[in-house]
Amino acid sequence: MFGKIGAWLALLYIFSYSVHNVELRNIGTVNRENKGPQCGYPSCHPTPPGMLNVHLIAHTHDDVGWLKTVDQYYYGSETLIQKAGVQYIIDSVVQSLLRDPAKRFIYVESAFFFKWWKEQTAELQEKVKMLVNEGRLEFIGGAWSMNDEATTHYQSTIDQFAWGLRLLNDTFGECGRPRVGWQIDPFGHSREMASMFAQMGFDGMFFGRLDYQDKDERLMMQKAEMIWHGSANLGDKSDLFTGALYNNYQAPAGFCFDILCADQPIIDGKHSPDNNVKERVNTFLEYVKTQSRYYRTNNIIITMGGDFTYQAAQVYYKNLDKLIRYANERQANGSNINLLYSTPSCYLKSLHDAGISWPTKSDDFFPYASDPHAYWTGYFTSRPTLKRFERDGNHFLQVCKQLTSLAPKRSAEFDPHLNFMRETMGIMQHHDAVTGTEKQKVALDYAKRLSVALRACSTNMRSTLNQLSSGKNRSTAVPAALEFKTCTLLNISSCALSETNTRFALTLYNPLAHETDEYIRIPVADYKYAVLDPTGKSLPTQVVPVPNAVAKIKYRRSIAQYELIFLAAKLPAVGYRTYYIEKPDIAPDDLKPGPAPKKTSSLTRIGNGNIKLTFDTNGFLSEVTADGMTRQLSQEFLYYEGAIGNNAEFLNRSSGAYIFRPKADKVFFASDRVAIEVYKGPLVQEVHQKFNDWVSQVVRIYKQSNHAEFEWLVGPIPIEDHMGKEVITRFKSDIESDGIFYTDSNGREMLKRQRNHRETWNVKLQERVSGNYYPVTTKIALEDTTARMAILTDRAQGGSSLQDGELELMVHRRLLHDDAFGVGEALNETEFGEGLIARGKHHLFFGQSDRRPGVSLKAMERLLQLQTLLPAWKFFSNMTAYSSDQWLTSFTNTFNGVSVILPKTVHLLTLEPWHENELLVRFEHILEKDEDSRYSKYVQFNIKDVLAAFNIESIRETTLDGNAWLDEHRRMEFVPDPEEESYDAYGTFAKTSGAVHLLEAAKPLLEAKYSKEALKAGELGAESNRLKRNADSGHFILHKRRSQQVRADNVNENVVPKSNDREQFLIELSPMEIRTFVVYLSK
Ligand SMILES: [Zn+2]
């Protein structure tokens, strides 16, 4: 083993040598030459030592849709709803910046910026580039939108950062790269977001909203700025310096100088009777002194801006000029306060340069409460169908990216189509989009955008699939193009193509990098169908009636009465299989599915050898059998009535789009008796439950499955009693969970939650229910020493465990009052003239919590989590023109994009076309380090084997966003407070009034590398050192450290055999690690 590693290291050295001989396109070198004045940290205004430096941040917060649609905000229409026009903001800010080099501005939302950029003349674009190169206009955050952090999935967050930073990089080069995250408005903050920022190479992040009790405590303890440990698995590479802003993101009271505000300007006419300079400066300096008491250094940050401010930038700037001038004039008389135009990154640099240590944090900032009765936990569930559509959008985007990459020939429209889909999904991540906290009209606009983007990307997919599937028999004419249609109404078991054709093909595209088995359901009009696999073999099928409640949906225009089910086995990784489905002329009549005979006096059981469920005589779930245990388990639907109030004081807060506030802690049962029908066949066993006229459910267990599926249908929620209702599903077990449960963070790591408790302060909860709600992006779980229960969701939902052994998830809400946080509408969604109906799935896992033989439950949950996120995409094609024999001989019905199947713990997180002849590829280890004794280990594979469909020339690793070389990228390092970390290793500290100062470092602390520095010869990946790399190079050390870890962790044995040129393509992953590569393809 040892000798092997030595040889491997030597080969890595060759790799690092050879990879830099290849001509690589350089990320972020566009502006390296003739830079003149510097962007970034060197462009910061000086902060005189011994002064209290006040960093004034001129900024605008431009929601990518909220009360108005994205375009209404951009163009500034509908001014009666909100006076906001983003184009004017950027226009006027740019002019102000051009007039005065001292001024600074930050811009955040790439969705708006690039819309504006495209409309400018080349001349103005050059001027803007100059502003960016000189650090006068600085991009912060830089993603397509400022994403929400509770309801977003990490895959979509990474995507929208990758795309925003990509355009900034393509346009401005290194000076366009944001260094600081800016999450000033999202309603609480996830730990995974911190981890992603860190992995994207950000130096720090600032935000505005945290629980009011937490904020008080942090300010009092000078802990509002901290080092956040973003991951329990990834170590310090996920650490992020994070600061909570003092006044959200607003200007101090009385100092909003914007045309949107009514505050007094600074009146400095010497003889003006209104001259207010002295009074205004006094007030401001008092505010400054107060704020500074709560923060550790001699620097404070003050946000001078707000929602859609700076539409007439000169108004704001003129007053800021005066404020700065008159405040700083007092320095001549002994004032030690210095005001300056600054940016969040300049402020961060000052914090770093202060050389002190910082508190640390390991949990997250959920839930967010702004007052004792306003827990922002309703938006975890608000607009459940938009939330599901967004998740569908991500699924579709990933498939579209892969198929666009795989296209043998790409037409000119491919890129614009894919970009449109990328950008639309970027918009969907906005903190008033997927959250459901926008006005109804805006929600409809988002849905419309997404459906248009889906149609656009469909054409890429259709073209690629036609190219891949045709030409099996090239001697004959190329067959007519097939439709490869997506049925968007499968969520109501409807699909015109499968319902109306007696012959059709179903192409199942599997975006995962391992083979999958999937039970497929197709809406059909009859029960007699034959399904042929790609070899022409007839497959076993089962037909189940479409549930009554679905069939009865008024606006469902479908003749499908049944769902045809078959098992699509061994769907190739990153590939497809096509099935031929036909209705034979003659078929035996005994296939007609009928419910099992009703049994009123005894129990109903469904299941298989892995898991069984029992239903009592009232039709409710009562027991589960799994892993050799039989345990009590019930499930029911209940609802809270939404609180109603005038919002004039905290106690009168209404439940609304943001806020979940039940009228009382009381819940109401949706039903006390459930009507059931049972269907059992060779592939699936189902119990169709009807709870009442607006709640129904199908509980099913497939033959080979290790979990149960609960497909719920809720709505229209009745409001005839003038009460808004918030509907939950609650699973009740006898597991002794002792107040503890677990929820995921954006679909990745699990976080421990404790009822009525917060990790870092003594919480006083006046909302017993909503104060215990947490965001569930994909999973919620609890366990004791013997049993474990986990529920996977198909969209973001709010969830909790209000009693030991219980898990609840809010599935739908309909409310009649606004909660007074700006939307100005009740969350009362209607469609087709009645309350919105939502349908979705929960996947229930139950079994032994540990000592389970074989694969752990947690590992199985992770796998299903992936398959729920990215199942096979269904493409339908009419086959009227082809008999099954013709179909078999005319088309390529199986396609496999990878030759070596990855271990199941490895997820091909990204495969997308990047620049010309480049792919962007991400691999992810989907397990946490303690989730499975066997599989939570290092894995190793060769990227060339995995992506065999491509002709790979070389690869180079980047930061998580794909826009900076990992080996060239440095981050600022911050020192944790001594009591929290083993500080002895660092040196001597002095503690004064809560702040800890580093006196002497035992070992040199890593200094921040500012962008002005060219990398020295011998340093990582330095330009000048491409050919002179020696064994001391950092690149080498990086790999050396890695390989030692491999040895220590005892890598899995399935190591690919090595040969010289293959070494450079070997990739290893540790638990929860994501690695991102630019892959260069041969031309
Ligand atoms: Zn906002």
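Where does Arg-177 lie? This predicted model places Arg-177 in the loop between helix H6 (154–172) and strand E4. Its relative accessibility is 14%, so Arg-177 counts as buried; the cut-off is under 20%. The side chain of Arg-177 reaches out to the backbone oxygen of Met-200, at 2.8 Å.

Now follow the chain to the zinc ion. Its protein donors are His-61 (NE2), Asp-63 (OD), Asp-185 (OD) and His-431 (NE2). They lie 2.0 to 2.1 Å from the zinc ion. In sequence, the donor residues follow the spacing H-x1-D-x121-D-x245-H. Asp-185 sits in the loop between strand E4 (180–183) and helix H7 (191–199). His-431 sits in the loop between helix H13 (414–428) and helix H14 (440–469). The pair therefore ties together parts that are 246 residues apart in sequence. Asp-185 and His-431 are both buried. Why is the arrangement around the zinc ion irregular? The four donor atoms subtend angles of 92 to 162°, and this makes it irregular. A tetrahedral site would need all angles between 85 and 135 degrees.

The structure holds 13 of them at 30 Å³ or more. Helix H17 (residues 857–869) gives the most to its lining, with four residues. Among the residues lining this second largest cavity are Arg-862, Gln-865, Leu-866 and Leu-869. His-153, Tyr-154, Glu-924 and Met-1072 are also included in the lining.

Notes
Residues numbered from 1 in each chain as written. Predicted model: local features only at pLDDT ≥ 70, side-chain atom pairs only at ≥ 80, totals over all residues. Heavy atoms only, no water. Donors = N, O, S within 2.8 Å, 3.2 Å for Na, K, Ca; no water. Tetrahedral: all angles 85-135°; square planar, octahedral: opposite > 155°, others 65-115°. Helix = DSSP H or I, 4+ residues; strand = E, 2+ residues; numbered from the N terminus. Buried < 20%, exposed > 50% of the residue type's maximum accessible area, 1.4 Å probe, protein only. Polar contact = N/O pair within 3.5 Å; in protein donor to acceptor, adjacent residues only side chain to side chain. 1 Å grid on protein atoms, 1.4 Å probe; cavity = no way out; pocket = protein on both sides within 12 Å on 5 of 7 lines; lining within 4 Å. Points joined across faces, edges and corners; volume = space filled by probe spheres on them.
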